[in-house]
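Open the model in your viewer and keep the selection panel at hand. The stops below say what to select and what is there.

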Amino acid sequence: MIQLILFLALGVGLLVLLFFLARRTESRAEGGAQALVQARQALNSLQTGLLPAGLVERVFAQDDWGFVSSKAGAGVQRLFLRERKRIALSWVAQVRRQVLSLKDFHSGQSRFYARLDVRTEIGLALSFASLLILCRVLQATFYVRGPYAAPRMVGFAITAAAKVCTVFERSLAFLPRTPAEVLRPNSPGPHVAA
Amino acid sequence: MAATLKRMDVQRAAEDLRRRTLGGIPRALDRFIYLASTRDYNTGLYYHDGLASQFSADVACEALANCHRETFHELIAAPVKELVDQMQGYMASSQSRPQDFVAVWKGLEPYRVAVPVETDPFSAEFLFSNFKVALAIVEERLQKSPRSIQGA
C-alpha cells in the first residue's frame, strides 16, 4: 500500500513537472531584439529617471514637509501629504516594474548575449528577490504610514537596484543607451553577439 | 568629425544662450516657461532667431533643448519653499491678476505642456505634483493677504 502511494506521488510529481516544462515559453535569440530594447529601456529608466540620488532625496526630503506644516493651513497640508504619498507609491511601483522587466529579460534572453559566472548569477538572483520583496514592503509601508515612514528602506532599495543596474550595464554594454544614438552617424550602433 | 564639430557648436550656442538671453531671467521657473515657449507645438523643435542666424537652426534647436532640460532639472531639485517663491515672483511679473493667474494655472495646468521631450514620466509627475502644492500655498496666501502677494 505504501509503495502504491509512493508511486502515485512520484507520478503526480512528474506530471506537474511536465506541465510546468510545457508551459515554459521557448526563448529564441533571433526573436530577442524587442526584449533587448525593453531591457535597455528599463535600465535607462532606472538609471536616469528613478534612481538618481538627487531626485530620490528630493522626493523623500523632510524639509518640504517641515515647510508645508509650518507655513500652510490644514487643507494644503493634507494635499501635500496626499500628493507625496501618491508620488512615493508611484516611485516604488515603477522601480518594481522596471526591475521585473530586467528580471524577465535575464531569465528569458540574457544568456544569448552575456556570459555571467555562477557567482554573479546567484548574486543577481538574490538581488532580484530581495529587491522585489523590499518594493512590496515599501508599498505597504507608504500606503499605511505615508511617504516618510521608511527612509532607510528606501536607501536599501536604491543600493540594491543600483547593484542590479551595474550588472546589467555590463551585460548590455554593446547596446546604445538611447534609441536616438542608433541614428547618430558616429554611433557604434548595435552589434548583437552572434 | 562632423558630429564632433556640431557638438562643439551646440555647446557654444548653449553658452551664448545662457549668458545673453537666459542671463537676464533669474528665476528657473521663468526660464522654464520661456524655453518651452520657443518650441513649436506641432514639430517639437525649438527656434530662436538670434541663435539660428549666429549658428544654424539645427544647432540653435539643440542648444535650446539642452538648456530646457537643464532648467527642468533645476526645478526638480528645488524644494517646495523655493517653488512657492518662484511662482509668486513669476505671477507678480506676469500681467494678469493674481486671482486669474491661480485660476488658470489650477484649471489648465499649463506647466504640463512645458516639459522637455523625452522627459522621464516620473520626474515630470513629481514636478507637476510640487507645482500643484506650491500653487495651493500661493492661493492660500492670496486669500489671507492679497496685497502682500501682489507686491511680491
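Which pattern does chain B follow when read along the sequence? Select chain B and colour it by secondary structure: the pattern is α-α-α-α-α-α-α-α, that is, 8 helices and 0 strands. This is a predicted model.

**Chain B as a whole**

Stay with chain B and show its C-alpha atoms. Along the principal axes they fill a box of roughly 60 × 30 × 30 Å. Now colour by burial: chain B has 152 residues, and 39% of them count as buried.

Where the two domains of chain B touch, domain 1 gives 14 residues to the contact and domain 2 gives 12 residues.

Hide domain 2 and look at the side of domain 1 that it touches. Two elements of chain B, α2 (28-37) and α4 (57-76), each give two or more residues to this side. By class, the side of domain 1 has 9 nonpolar, 2 polar and 3 charged residues.

**Helix α2 of chain B**

Zoom in on α2(B). Which of its residues are buried? Select B:Ala28, B:Leu29, B:Arg31, B:Phe32, B:Leu35 and B:Ala36; these are the buried residues of α2(B). Then bring back the neighbouring elements. What do the buried residues of α2(B) pack against? They pack against α4 and α5 of chain B.

**The contact with chain A**

Finally, show chain A together with chain B. The contact takes 26 residues from chain A and 17 residues from chain B. On the chain B side, select α5 (80-93) and α7 (121-144), each of which supplies at least two residues of the side that touches chain A. The largest share of that side comes from α7(B), with 10 residues. Colour the side of chain B that touches chain A by class: it has 10 nonpolar, 2 polar and 5 charged residues.

Methods
Residues are numbered from 1 along each chain as its sequence is written. Chains are lettered from A and ligands numbered from 1 in the order in which they are written. This is a predicted model: local features need pLDDT of at least 70, side-chain atom pairs count only at pLDDT 80 or more; totals for chains, interfaces and linings use all residues. Helices (H or I, at least four residues) and strands (E, at least two) are DSSP runs, numbered from the N terminus. A residue is buried if 20 or more other C-beta atoms lie within 10 Å of its own, exposed if 12 or fewer, and partly exposed in between; C-beta atoms are placed from the backbone. Two residues are in contact if their C-beta atoms, placed from the backbone, lie within 7 Å. Ala, Val, Leu, Ile, Met, Phe, Trp, Tyr, Cys and Pro count as nonpolar, Asp, Glu, Lys and Arg as charged, and the others, Gly among them, as polar.
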